[in-house]
Amino acid sequence: MNIRRYQPADCAQVMQLFYDTVHTVNARDYTPEQLDAWAPRQADAARWAQMLAGQVTYVAEEGGDIIGFGNIDSQGLLDCLYVHRAHQGRGVATALVERLLETAHRNGNPRVVTHASRTARPFFLRRGFAVLQAQTVERGGVRLENFVMEKQLCMKTEGCPMGRIDGIHHIALKCMGTEAYARTLHFYTDVLGLTVARQWPEGTMLDTGSGMLEIFCTGTDEPVQGPLRHLAFATKDVDGCIEAVRAAGYTVMTEPKDIVIPSNPPYPARIAFCIGPLGEHVEFFQER
């Protein structure tokens with residue numbers, strides 16, 4: 001996969017990708033009427049060309065085909081982020097967002113704002129964005145819900161250790177057996193109203209609105225750490241984080257490695273673990 005700047009010749013491919021993605025990937029969260037209003041079959045090509053050229057737009061390309069695109073304006077508004085339905089869960093959106101955040105940082109924007117769909121909201125939460133408010137917008141007389149979200153950018157100079165951390169990615173709990181697992185899921189979903197972001201045989205990730213709560217059913221009887229399994233920081237530099245804690249004299253539990261969580265869709269990531277100053281297990285988590 002190659003990330004490059006948009007060129008005017010890309011416009012037709014980008015427009016088709018937008019239409020196809022909205023009508024497939026977003027179909028689980030919006031009605032057919034809403035999808036048609038959001039992405040009509042007959043789009044204004046001149047308006048699209050002006051919009052894409054007037055902002056900083058990147059495309060993800062593979063084998064000569066555009067498989068994703070995203071753009072951001074000079075004020076830090078992340079306008080579009082779409083990935084072809086056949087390339088979901090492969091890190092395409094993450095790679096595009098990293099380029100867009102870098103652009104905003106170079107422009108001196110203190111924050112990045114986006115209006116995320118119901119479908120995209122969990123992705124942006126995992127990237128360190130916070131929900132400011134839900135809103136209803138109108139497209140062609142049809143009302144659609146989305147979410148105003150923002151990410152504060154670290155304006156520290158390059159090389160500052162704090163620049164490696166993008167926020168809390170998730171906090172993980174371990175349950176001692178299936179009964180405790182079911183009881184814990186009931187509490188956080190049915191009682192507190194958190195929604196399931198992804199699920200696999202050994203665990204569940206819940207969307208808290210700002211970061212994730214990961215619940216495992218594979219706990220043991222060892223009471224050393226209590227119910228807290230680990231604390232995970234979102235980062236774009238797992239290897240750099242591990243080298244920083246190693247140089248400071250802390251124990252590295254798990255060296256950086258690539259994994260794929262077997263959820264649906266699969267969830268690729270690069271991770272590493274160390275032991276913190278209180279004996280806590282700290283994970284560094286980089287989405288792929």
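I began with contact range: residues 24 or more positions apart make up 61% of the chain's contacts with a separation of 6 or more. Contact here means heavy atoms within 4.5 Å.

I noted the ground rules next. This is a predicted model, where local features need pLDDT of at least 70, side-chain atom pairs count only at pLDDT 80 or more, and totals for chains, interfaces and linings use all residues. Residues are numbered from 1 along each chain as its sequence is written, and side-chain values use heavy atoms, with hydrogens and water left out.

I looked up the secondary structure. The chain has 7 helices and 15 strands (DSSP runs: H or I of at least four residues, E of at least two, numbered from the N terminus). Its radius of gyration is 20 Å, close to the 19 Å from the globule rule for 288 residues, so the chain is as compact as a globular protein of that length. The radius is taken over C-alpha atoms, and the rule is 2.2 Å times the number of residues to the power 0.38.

I checked burial. Of the 288 residues, 47% count as buried, meaning under 20% relative accessible area with a 1.4 Å probe, protein chains only.

I then turned to one helix pair. Helix α1 (residues 11-24) packs on helix α3 (residues 45-54) at about 105°, with axes 10 Å apart. Axes are lines fitted to C-alpha atoms over the stretch in contact, and angles run from 0 to 180 degrees between N-to-C directions. α1 and α3 are therefore roughly perpendicular (65 to 115 degrees). Cys11, Val14, Met15 and Phe18 in α1 meet Ala45, Trp48, Ala49 and Leu52 in α3.

Conventions. Parallel < 35°, antiparallel > 145°, perpendicular 65-115°, else oblique. Buried < 20%, exposed > 50% of the residue type's maximum accessible area, 1.4 Å probe, protein only.
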